[in-house]
Amino acid sequence: MEDKKTRKCVGLLLFLSWLAYTAANVGRMNYSASMVAVIEETGAAKDSAGLVASFFFFAYGAGQLVNGLLCKRYHTRIAVFLALAASAVANLALPFCPGVEVMKYVWLGNGIVQSLLWSSLVKLQSEYLSDRDVGKSIIVMSTTTAAGTFIAYGLSALFVAFVGWRPTFYFAGGLLLAAAVFWFFGVGYVQKNLPKFELKKAELPINEREKGSKKTVYVALAFIFLFAVANGFIKDGVTAWVPNLLKETYGLETYFSIILTLILPLISILGAVAARLVHRKLPNDVLLCGLFYLVGGGITGLIVWLLTKSLAATIILFALVSCSMAAINNVITSSMPFRLRTVGDSGAYAGVINTFCYVGSTLSSYLLGAMAERSGWNTVIILLLAVAGATGVIATAFSPFWHKKISPLIHE
């Protein structure tokens, strides 16, 4: 029977992890939230402004690969503290940049330091949380992206309407510094009072060991990486460019297009809940991804049809696409790494999978802006539809392999 102190420490660890990653999301999504205002003030082309976000995503993705593999060597408490503090400095510095050409290098640095966070958080939670508490963590951490995005876009809309886009970054810098301090002292208390969780590794059949069962896991990971690229491409492409799309398609004020985009993260919070509920009926993570990709693709097809015809319908449909992508993101970046801890290092899995998510994000931030500049928003939406549909078909076709070869190892 666990005592009250243990439960208190578990709750504190979950809260601190949530606070750290929510603050990090505010300190990365604030540029995408403010991009339409930055373009308006500086006169930068869409692809040039999008390149700032691409620099972040590139650095974040590459850093995830390195940190995912090396995080087991880090002192997690200090590493996360330093990453949050360094990200705060980058946020405070960005408003002083003379234009997007300089901003992209500041945001590159922000991506480098933030890339340390996710794999470190998953590693720490994997060490201290029981299987029951991991389930809670998957739900709690799934809200961080939506919460951070909502805060970033909400503040951006407020500040753009009254004083300009720069204060959004000052607020994010302050929030990141506060999160860093809470993390440092709070995790110190947790590590002093919460015993580590004893994990039982999967017992692999002898014939599987002889054939090298790791190859089976590697094959599965290759497909997961593909799903991750598509997820980052659609999820962050929608988040970054919908304010511009609404502004140009419907002639909205800059601040109002940002306010309307707030609906996306609000509804996307439901994605993780939807993923958990559907998983009870379909206990196959890959099939779950395939289902949500196909749903997201179908909804994107409706956007192609309704774009320019109805502002309300366009916003709601984009919100539902975000919800579908949030469900997939929750499965591949939280659920899968924790489940795979029976066959490897959860922190490494989380870092490497997140790397591929941000490969997609890097591509979308620049490519979708360039496509919109040259061919219009309809072409952009058709591309999103094609990516979602194709990935959904591939995931559905691969799901029997996951069920037969991987599920027995991870007790899915």
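Reader: What pLDDT does the chain average?
Author: This is a predicted model. The chain averages a pLDDT of 86. At least 70 is the score for 95% of the residues.

Reader: Which elements have the lowest and the highest mean pLDDT?
Author: The lowest is helix α8, residues 206–211, with a mean of 42. The highest is helix α3, residues 76–93, with 96.

Reader: Where is the pLDDT below 50?
Author: Over residues 202–212. Beyond near neighbours in sequence, that stretch has 8 contacts in the model.

Reader: New topic, aromatics. How many aromatic pairs are there?
Author: The count comes to 17. One of them is Y31 with W107.

Reader: What is the geometry of Y31 and W107?
Author: The pair is tilted. The rings are 6.4 Å centre to centre, with 55° between the planes.

Reader: Where in the chain do Y31 and W107 sit?
Author: Y31 is in helix α1, residues 4–42. W107 is in helix α4, residues 100–114. They are 76 residues apart, so the pair links distant parts of the chain. Y31 counts as buried because its relative accessibility is 0%.

Reader: And W107, buried or exposed?
Author: W107 is buried, with a relative accessible area of 1%.

Reader: Now F56 and F57. Why is that pair edge-to-face?
Author: Because their planes are at 80°, and planes over 60 degrees apart count as edge-to-face. The ring centres are 5.7 Å apart.

Reader: Which residues form the aromatic cluster?
Author: Y31, F56, F57, Y60, W107, W165, F169 and Y358 form one cluster. So both pairs we went through belong to that cluster.

Reader: Switching to charges. What sits over the ring of F184?
Author: The charged end of R77. That end is 3.9 Å from the ring centre.

Reader: Last one, Q114. Which helix is Q114 found in?
Author: Helix α4. Q114 counts as buried, at 0% relative accessibility.

Reader: What does the Q114 side chain join up with?
Author: The side chain of R28, through a polar contact of 2.9 Å.

Reader: Which residues is Q114 in contact with, leaving aside neighbours within four places in sequence?
Author: A24, G27, R28, F56, Y60 and S87. Among them, F56 and Y60 are also in the aromatic cluster.

How values were computed:
Residues numbered from 1 in each chain as written. Heavy atoms only, no water. pLDDT = per-residue confidence, 0-100. Helix = DSSP H or I, 4+ residues; strand = E, 2+ residues; numbered from the N terminus. Contact = heavy atoms within 4.5 Å. Phe/Tyr/Trp six-rings, centres within 6.5 Å; stacked < 30°, edge-to-face > 60°. Buried < 20%, exposed > 50% of the residue type's maximum accessible area, 1.4 Å probe, protein only. Lys NZ or Arg CZ within 6 Å of the ring centre and 35° of its normal. Polar contact = N/O pair within 3.5 Å; in protein donor to acceptor, adjacent residues only side chain to side chain.
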